[in-house]
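Thank you for coming, everyone. Before I say anything, please take a moment to look at the chain on the screen, and then we will walk through a few of its side chains together.

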Amino acid sequence: MAMVISSVHATLFARASFFCQSNGLRSFRSCLPFSSSAASVSTRNLSQKKWRQPVLSVLDVGGVKISREDVVRDDPTNNVPDNIFSKLGVQLHRRDEHPLGILKNAIYEYFDTNYSNKFEKFDDLCPIVSVKENFDDVLVPEDHVSRSYNDTYYVDPQTVLRCHTSAHQAELLRSGHTHFLVTGDVYRRDSIDSTHYPVFHQMEGFRVFSPEDWEASGMDATLFAATDLKKCLEGLASHLFGAVEMRWVDTYFPFTNPSFELEIYFKENWLEVLGCGVTEQEILKRNGKPNNVAWAFGLGLERLAMVLFDIPDIRLFWSNDERFTSQFSKGQLGVKFKPFSKYPPCYKDMSFWISESFTENNLCEVVRGIAGDLVEEVQLIDNFTNKKGMTSHCYRIAYRSMERSLTDEEINDLQWKVREQVQDKLNVVLR
């Protein structure tokens, strides 16, 4: 995309644990953790493991009763760090005066107004799901990169932190829901820069049609659903962005066919707004609706909120600084963020010989685990391979606080710890 912001996570459309019953679905209201299990870390076998029943937990983290020991373990099959565990239950999207909550409610308003409150809304479903729910139920191939430990947070071989809100699609369909919006926090291991964060928020929309819906139109089922989908989402884009030029781009997703991306021309750039498509018939057949057709869409709330509110750094969404939070009010979509600080970044370079197992996502996990939100960017600035076939990478780490100046002593201490952990955990040789 021409616009940098488009690289922010959307959904798998664009690119235990905690069981309790609410409308027959798992939510955060009274949580139970999964029993532990450890086996081979082979991702090809993950979905074949037996799904375990939960056991009780009583710890309260962010208002949610969960157990750290059931989510963060010293086990080769677990790659959830403490800084990710701490985000469980925060649920920024449920705060009405937060940019993400304001945007969510604006989308709700559009659907309530145009569809007579037909769409049910779910924004409190548990983010800890089975591999089957996260991948198999939405037809993600077994060899898809998103299943790897490099990309996904695994609690154990059959349990993950959801990568997308589509993880609840099958369960909702089986429960009889036909029109729904699912909003929630999702988790992916990723790079470090102003538009990427390992925890972000998505909304999925889903609508099921019966034969009588399309038979009177004279269109076949797939064309009818695709036409309705595009009309719906063009209206949503206009509701959020005003009168803007739009275009549809054909694409591929494993769970829809045909599949599309909607782009709008905004601030002299084409911006990807969301991904969508007509649901693969296999998903409907598996969930008791073989004679129906459906559409689905998915969007990333941060991606759109950064554009609508002029928020320059994705880390700001997690800030509790009143200079940030006081700028937003319930129902006020598109209020432009006024920067309250311009603290300078501090750059530190680090070079090392990599091994065959090295990945940049693993490096970013180490850096985030030590520096948290004080790290602004990790960028590869040089690499070469010597005559012996050894490859060297040089990364530049930018440290900057959104709220204060960092001292030299503080930054040096962080960098020293990063160097130690990188060498210890990533099987590299520092230069």
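Let me begin with Glu263, which has a relative accessible area of 4% and is therefore buried. Please keep in mind throughout that what you see is a predicted model. Which partner does the side chain of Glu263 meet in a salt bridge? The partner is Arg247, and the nitrogen-to-oxygen distance between the two is 2.6 Å. If you trace the chain, you will find Arg247 in strand β9, residues 245-253, and Glu263 in strand β10, residues 256-266, so that this pair links distant parts of the chain, 16 residues apart.

Let us turn to another pair, Asp123 and Lys104, which form a salt bridge with their closest N and O atoms 2.8 Å apart. Asp123 lies in the loop between β3 (120-122) and β4 (128-130), while Lys104 belongs to helix α2 (residues 99-114), and so the bridge ties together parts that are 19 residues apart in sequence. Are these two residues buried or exposed? Both Asp123 and Lys104 are buried. They also take part in a network of salt bridges, in which Arg94, Lys104, Asp123 and Asp124 are linked.

Over the whole model, the count comes to 22 salt bridges.

Next, please find helix α6, which runs over residues 221-241. This helix has 21 residues and reaches 30 Å from its first C-alpha to its last, close to the 30 Å expected at 1.5 Å a residue. At its start, a side-chain oxygen of Asp220 comes to within 3.0 Å of the backbone nitrogen of Thr222, and just after the helix Gly242 takes a positive phi of about 85 degrees. Among the buried residues of α6 are Phe224, Asp228, Leu229, Cys232 and Leu236.

Cys232 brings us to the cysteines. With a relative accessible area of 1%, Cys232 is buried. The model as a whole has 0 disulfides. Cys163 is another buried cysteine, since its relative accessibility is 3%.

Arg207 lies in strand β8 (residues 199-209), and it is buried, with a relative accessible area of 12%. Leaving aside its neighbours within four places in sequence, Arg207 is in contact with several residues, including Tyr115, Phe119, Asp228 and Trp295. His179 is also one of these contacts, and a polar contact of 3.2 Å joins the side chains of Arg207 and His179.

That is where I will stop, and I am glad to go back to any of these places on the screen.

Terms used
Residues numbered from 1 in each chain as written. Predicted model: local features only at pLDDT ≥ 70, side-chain atom pairs only at ≥ 80, totals over all residues. Heavy atoms only, no water. Disulfide = S-S within 2.5 Å. Buried < 20%, exposed > 50% of the residue type's maximum accessible area, 1.4 Å probe, protein only. Salt bridge = Lys/Arg side-chain N within 4 Å of Asp/Glu carboxyl O. Helix = DSSP H or I, 4+ residues; strand = E, 2+ residues; numbered from the N terminus. Expected span 1.5 Å × (residues − 1). Polar contact = N/O pair within 3.5 Å; in protein donor to acceptor, adjacent residues only side chain to side chain. Contact = heavy atoms within 4.5 Å.
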